[in-house]
Amino acid sequence: MIQIENLHKKFGKNQVLSHLDLRIDEGGIFAVLGPNGSGKTTLIKSILGMVVPNKGNLSVLGASIRKNWKYRQEIDYLPQIANFPGNLKVKELIRMIKDLRQKPSNEQELITLLGLEPFLDKKLGTLSGGTKQKVNIVLTFMFDSPLIILDEPTTGLDPASLLKLKDLIQKEKSKGKTILITTHIMQFVEEMADEIVYLLEGNIYFKGTIDELMAKTEQNDFEHAIAAISTHTTNA
Amino acid sequence: MLKILKYSFYDLMRSRWSYVYFLFYLALGFVLLFLNHDLSKAVITLMNVIIVLVPLISTIFGVMYFYNSKEFTELLLAQPLKRSSIFLGQYYGVAGSLTLSLILGLGIPFILYGLFQSDAIWDFSLLLVTGAFLTLIFTALAFNIALSNENKIKGFGYAVLMWLFLAVIYDGLFLLSLIIFEEYPLDSFSLAATTFNPIDLSRTLILLKLDISALLGYTGAVFKSYFGTNLGLFISLGMLVLWTVLPIWRLAYKSKRKDF
Amino acid sequence: MKHFSKVLVLILLLMGTSLWAKTIVVCQDCELGSIKEGIAVAVDFDTLLIKKGTYKEYNILIDKPLTLLGENYPVIDGGKRGEIIRIVSDNVTVDGLFLINVGTSYTTDYAAIRVVKSENFIIQNVVLEKLFFGIYLEKSNHGKVYHNKIIGDAVDEYNSGNGIQLWYSHNVVVDRNIVQGVRDGIYLEFSDHITINNNQSTNNLRYGLHFMFSNDDTYTNNTFQNNGAGVAVMFSKRILMKGNTFRQNWGSAAFGMLLKEINDAEIIDNTFEENTIGINIEGSNRITYEGNDFINNGWAVKVLGACYTNSFVKNNFLYNSFDISYNSKLNDNKFENNYWSNYTGYDLDKDGIGDVPYRPVKLFSYIVNRTPETIVLLRSLFMDIIDFSEKVSPVFTPDNLMDAMPLMKKTE
């Protein structure tokens, strides 16, 4: 599904990603974890083509993404900060994204699910953070694409909506899709992720299942395992 | 690109600022006509105002829009869209709505005052063409500055400085160099110097229309062929096109290589 | 023969003695086949009726009071061999002829019609083409040059002549002539009490009208357009210039009107439009400028050297690049009650007169005088700022040069 070889990215003097190799196979939920500034967002943005790598090859669905933009047709992306053009109404934003992607969509179902009907005629600028995130979720899940990338999907969501989000993700997974998630909520990872990609100082420090991680760190609780991974490295 | 243009344009058409800009020009047009009672005089006053004000407004508006629509841009970047279309679409959206505000804002009062029956119509059309060019150029320059500066305050500062430089300081340096080197033949230099500043270029176009009598008072042969024939008009228009195309091209080029 | 009887009446009136005058017909198939033959057989106060045709003749001498009347514009072709008609007698009328091909010379001023030391002449309805000099009046007084058309094709000043030239000739009326494509349209030298009305002098190489050492002359309602340098009035006194139009005189040394060493003149109700310089004034004193319109000129008025006690009253200065330009800091001229389109003051007491004085001299005009290339900075914001600061506290411009009572509306 995603194939990354020898990826380098520098922002000014700051080497964010170096010699990064990663292979993500089709199907399943992958959690991209790591401390702040480890390059999670950069990695995701590289996959999306928003960040241009200095070196290395990146291919999605078997095709190199260099000078290519059509492959994004196959990706649904939920950005971290859900800020939209303030003058647009929710309805218009959804219509616009549909217009831009020209793909079949099931936004009505999602709107009902998340209870967004009352907000459809409101301008995005007037919405609360949580509601914006719901709109964000609608925009992401309304298309049927084989790859879904979620950057901090839980931000601002109330518990009920969080549950609905989890259901949504599981449903997509059951269709055999590949889902990439970054988050800081360990409970969420533990519950959802099939595999963990742990990033540290611009490289993959660990890739495997939760069980493998616990075995490696000799911890029997996920949160401690993650903590141990970090301390382990700081000690090292 | 056309879709982005459409959405940026709609977005702007709904924003308060487009109306402020539109109403400002409307008011300017009416006030000038009310004070002068004379179309030709109002057009001349407007020309003086336009070559300074349009660049300023376009610059500020362009920078502001670029920074304000950062999230929108990021949303679009994740969509299956070409990068250059995203930025060019936004650029044309802004420049288009600014131009429309200018044309409507000034056009309505002048048409109500009987522009079509007046012989000032050519001057007025020139005014609008110049205004449109300046809008395109300065919006593009503003977008370039904003694209190259992540820091809003810095970007804003550079943009205003650029305006100040091109609108005032450039001419000051220009005048100084003409006076310092007055013993040397300067006509080619002075004509060349006007082409390196889009505001001066637009000024030249206006001079050709309003002050041709004075321009022909200078003895230099180069001046004579520049202002006396259509050469000046074509060169100025050509350079204005170049001034429009180059920043747009850079915008497309830079946007392809930028990280978000 | 209505036309003929009219002329006859005219001749009767003019000469009074011509009751026994007869008409002699000249035509190519007649007994008298040339104009010279006609003149030879004619006696005083006869009329030579010249029928349509082409007469190849030059150096035609009219030495007795005669009327040469052309019918349907007969052509007299001088074949570029010299002068065509010379009048050396009083009371001669030349009417309705078409003269072409005057000889060109660097030593002799060949003219289509030359009047020498004669009085009471009338030259009218004559068309001149391919000429060197057109109508040349030499020490001839009390005549009339009326409704002629002079179409030259002059290219260089050094080998072209003037359309209508007056030299030591007084009390002549020059009316309703069209002069174009010659060196000077109308040229006056040492000629006093001349009246020049309703003429159109256009596309001439040098001046549309040129005065030298000629006093007490009047010219009104003439149009001078697109001449090399406009109209020049030099070294003359008491000239009245009224209701003329000076238009589109463009170029580095071009102006609507040049005044050089002119005293006690009146310049009233003229229009100066789209000239590089509307009026260029050098060493001219006691001149009244009133009711003139200066429209779209580069410089409406350019004052050079010492000019004293001139007054500019009730003129309209409309959309000129520069209204007034001075090259000195001294001012002894009066500006009052003019309308200035560049005026930005206000009229709170509503008396039609601006409450703040207008300063017509911009600092920028000094800079342009000094470094002409700076003209490309016209209308630059930077120049406006500099001009504004000069306006607030004059340093380079004469501080008493202002219109203290500028009008708020154009004068009619």
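# A walk through three chains

Start by selecting the elements of chain A that cover the buried residues of α5(A): they include β3 (28-33), α4 (129-141), β7 (147-151), β8 (178-182) and α6 (186-192). Keep in mind as you go that this is a predicted model.

**Stop 1: the helix under that cover**

Now select α5 itself, residues 159-174 of chain A. At 1.5 Å a residue, its 16 residues should span 22 Å, and the end C-alpha atoms are 23 Å apart, which agrees. Show the side chains of A:L165, A:I169 and A:E172, which are buried. If you look down the axis of α5(A), the buried residues fall within an arc of 65°, so they line one face of the helix.

Which residues sit on the face of α5(A) turned away from its buried side? Colour A:P159, A:A160, A:L163, A:D167, A:K171 and A:S174, the exposed residues found there. Then step past the end of the helix to A:G176, which follows α5(A) and has a positive phi, near 85°.

**Stop 2: the sheet of chain A**

Six of them form an open sheet in the order β6-β7-β8-β3-β9-β10 of chain A, with mixed pairing. β6 (75-78) and β10 (203-208) stand at the edges with a single partner strand each, so one side of each is left without a neighbour in the sheet. Ignoring direction, neighbouring strands here are turned by 15° against each other on average.

Zoom in on β3(A) and β9 (residues 195-200) of chain A, a parallel pair joined over four bridges. To find your place in the pair, pick A:V32, which stands opposite A:V197 in β9(A). Next, show α4(A), which lies across β6 and β7 of chain A and runs at about 175° to β6(A).

**Stop 3: where the chains meet**

Zoom out until every chain is in view. Two pairs of chains touch, and the one with the most contacts is chains B and C. Chains A and C have no contact, and their closest C-alpha atoms lie 36 Å apart.

Select the meeting of chains A and B: 19 residues of chain B are in contact with 22 residues of chain A. On the chain B side, α1 (2-14) and α4 (70-77) each supply at least two residues. α4(B) gives the most, with five residues. By class, this side of chain B has eight nonpolar, three polar and eight charged residues.

Turn next to chains B and C, where the contact takes 31 residues from chain B and 27 residues from chain C. Elements of chain B giving two or more residues to that side are α3 (39-68), α7 (152-180), α8 (187-195), α9 (198-210) and α10 (212-215). Which of them gives the most? Highlight α7(B), with eight residues. This side of chain B has 16 nonpolar, nine polar and six charged residues.

**Stop 4: a tyrosine in chain C**

Finish at C:Y146, in strand β14 (residues 144-146) of chain C. Is C:Y146 buried, exposed or partly exposed? With 17 other C-beta atoms within 10 Å, C:Y146 is partly exposed. Select C:I122, C:Q124, C:D175 and C:R176 to see its contacts, leaving aside neighbours within four places in sequence. For a distance label, pick C:D77: its C-alpha atom is separated from that of C:Y146 by 22 Å, and the two residues are 69 residues apart along the chain.

Note on methods
Residues numbered from 1 in each chain as written. Chains lettered and ligands numbered in written order. Predicted model: local features only at pLDDT ≥ 70, side-chain atom pairs only at ≥ 80, totals over all residues. Expected span 1.5 Å × (residues − 1). Buried ≥ 20, exposed ≤ 12 C-beta atoms within 10 Å, placed from the backbone. Arc of directions from axis to C-beta. Contact = placed C-beta atoms within 7 Å. Nonpolar A, V, L, I, M, F, W, Y, C, P; charged D, E, K, R; others polar. Pairing = 2+ DSSP bridges. Axes fitted to C-alpha atoms, helices over the stretch in contact; angles between N-to-C directions.
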